[in-house]
Amino acid sequence: MKPIIIIGAGMAGYTVAREFRKLDKTSALIVITGDSGGSYAKPMLSNAIAQRKQAAQLVNQSATQMAEQLNATILPRTRVDNIDSAAKTVTTSAGTFDYEKLVLAVGAQAIRLTIAGDAAQDVLSVNHVDDYAIFRDKISSPEGQPAAHVTILGAGLIGCEFADDLAGGGHAVTLIDPSLLPLAALAAPALSTGLKSALENRGVKLELGTTAASIDHDGARLKVTLANGASFHTDLVLSAVGLRPDLRLAQAAQLTCARGIVIDTFGQTSATDVFALGDCAEYTLPDNGGSQPMPYIAPLMSAARAIARTMTGEPTAIDLKPAPVIVKTPSFPLALLPPPINVAKTGSWHAQEDGAKIICRYYDEQGLMCGFGVAPQDAASRQLLIAELGSLR
Ligand SMILES: Cc1cc2nc3c(=O)[nH]c(=O)nc-3n(C[C@H](O)[C@H](O)[C@H](O)COP(=O)(O)OP(=O)(O)OC[C@H]3O[C@@H](n4cnc5c(N)ncnc54)[C@H](O)[C@@H]3O)c2cc1C
């Protein structure tokens with residue numbers, strides 16, 4: 001029998017490999033990855049500066065340890081260049097391999113903004129532990145020197161987490177976003193306002209309602225000029241403006257793609273025996289809820305369990321039960337369950353204050369609750385709000 005091949009050694013690739021091995025101890029399993037194949041929890045990346053963690057401390061298992069644990073062949077530093085879903089082969093920098101079943105777990109790519117200036121190419125983004133290693137190295141200053149000033153583009157989930165983390169690690173931080181509040185696309189205004197105050201109290205300078213127009217070298221530092229005409233000096237610019245599912249292999253193989261690689265409720269792509277999950281995938285929601293990328297851990301865990309079962313002969317639908325995202329901003333602990341994309345613009349947020357707690361519920365046009373946010377968050381309030389959700393989710 002030909003092997004099961006998984007492309008990608010991020011949380012999606014390794015989770016589906018683990019789930020598969022729980023059900024099938026012996027079939028050949030190959031994980032092919034362009035990186036070193038070390039296993040790490042990506043959410044740690046935006047929480048590690050304040051804890052003074054080195055990149056190597058975030059990697060919990062090497063590729064060799066993973067190969068042993070999974071009874072699998074891991075091919076690190078190997079790029080998949082092509083998939084032939086009719087011949088059931090993948091072509092890689094290490095040769096061509098036949099597969100019985102194929103799983104795409106190729107993640108997403110950081111979106112790069114077009115910005116003027118001779119330092120625009122120096123903007124970093126952190127979407128991998130290797131990116132974190134470079135970032136941490138660049139912001140480390142010699143003993144006795146002031147900590148580097150970091151400018152962050154984008155006050156979404158990742159940008160706010162990095163801002164809070166860097167401030168906690170002693171860095172001066174400027175956070176820039178075209179919206180008038182942080183987390184504007186995901187959270188209710190009452191929660192965004194609370195987060196804004198908490199970040200400001202932490203010392204983060206927010207430049208809202210504007211964008212970085214240009215970034216230039218100026219001596220040993222960088223000069224950021226905003227679209228509103230203001231300018232300031234910084235040591236490093238980190239982009240956190242979003243990720244785009246990596247569709248390159250899937251499109252070349254003519255798999256159906258929308259914003260992500262479209263998968264059905266079983267995790268299968270438009271090609272027989274080819275599955276996808278994680279940041280590259282566009283999940284089909286139950287009850288005709290449409291489809292959307294879900295670039296978070298909870299959906300990839302459910303998808304990994306279902307795909308592993310389906311691949312071992314027990315067709316299993318992905319259970320996309322509501323799982324709030326816990327925003328790792330310790331100065332304003334927040335949990336969010338944003339409304340599904342197809343209703344996100346048609347309904348409205350309703351805020352309620354309960355002592356120090358702010359609870360926000362999102363209702364669609366029919367008055368059905370289909371999203372929420374709460375701060376400060378805890379397990380009990382998350383559970384209560386999940387129980388309140390309507391059947392739309
Ligand atoms: C800073 C940060 C913080 C986050 N915090 C949270 C959080 O708190 N909660 C939460 O739910 N989510 C969080 N997320 C999102 C979550 O971490 C991701 O959804 C998840 O890790 C994606 O995993 P993945 O395996 O799909 O992608 P990736 O981790 O990007 O893995 C992709 C893999 O594919 C490989 N690959 C790609 N193309 C090829 C090719 N052609 N050939 C070979 N290999 C290839 C890469 O080498 C890599 O191994 C965070 C994300 C970031 C960036």
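Guide: Let us begin with helix α6, whose buried residues are covered by a set of elements that includes α5 (157-168), β12 (172-177), β13 (205-208), β24 (334-337), β26 (357-363) and β27 (369-375). Residues are numbered from 1 along each chain, following the sequence as it is written. This is a predicted model, in which local features need pLDDT of at least 70 and side-chain atom pairs count only at pLDDT 80 or more, while totals for chains, interfaces and linings use all residues. The helices (H or I, at least four residues) and strands (E, at least two) are DSSP runs, numbered from the N terminus. Covering rests on contact, and two residues are in contact if their C-beta atoms, placed from the backbone, lie within 7 Å.

Helix α6 takes in residues 189-201, which makes 13 residues, and it reaches 18 Å from its first C-alpha to its last, close to the 18 Å expected at 1.5 Å a residue. That expected span is 1.5 Å times one less than the number of residues in the helix. The buried residues of α6 are Leu191, Ser192, Gly194, Leu195, Lys196, Ala198 and Leu199. A residue is called buried if 20 or more other C-beta atoms lie within 10 Å of its own, exposed if 12 or fewer do, and partly exposed in between, with the C-beta atoms placed from the backbone. Just after α6, Gly203 takes a positive phi of about 105 degrees.

Five of the seven residues of β26 are buried, so the strand is largely enclosed by the rest of the structure. Strand β25 (residues 348-354) pairs with β26 in the antiparallel sense over seven bridges, where two strands are said to pair if DSSP finds at least two bridges between them. Within this pairing, Ala351 stands opposite Cys360 of β26. The hairpin of β25 and β26 has two residues between the strands, and Gly355 in this hairpin takes a positive phi near 65 degrees.

Strand β26 is also joined to β27, by six bridges, and these two run antiparallel. Here Ile359 has Val374 in β27 as its bridge partner. The hairpin that β26 and β27 form has five residues between them, and Gly367 in the turn has a positive phi of about 85 degrees.

For comparison, most residues other than glycine have a negative phi, and most peptide bonds are trans. Two residues elsewhere in the chain can be set beside that rule. Arg52, although not a glycine, has a positive phi of about 55 degrees; Arg52 lies in the loop between β3 (39-40) and α2 (55-58), and it counts as exposed because it has 10 C-beta neighbours inside 10 Å. Asn71 likewise is a residue other than glycine with a positive phi, near 50 degrees; Asn71 lies in the loop between α3 (63-70) and β5 (73-75), and with 14 other C-beta atoms within 10 Å it is partly exposed.

An automatic or database domain assignment supplies the domain bounds, and it divides the chain into domain 1 (4-43 + 58-108 + 245-311), domain 2 (112-239) and domain 3 (333-388). The centres of domain 1 and domain 3, taken over C-alpha atoms, are separated by 32 Å. Domain 1 and domain 2 both give residues to the shell around the ligand, so the ligand lies between them. That shell has 34 residues, and the closest are Gly8, Gly10, Ala12, Gly107 and Gly278; a residue is near a molecule if its C-beta atom, placed from the backbone, lies within 6 Å of it. At least two residues of the shell come from each of α1 (11-23) and α8 (297-311).
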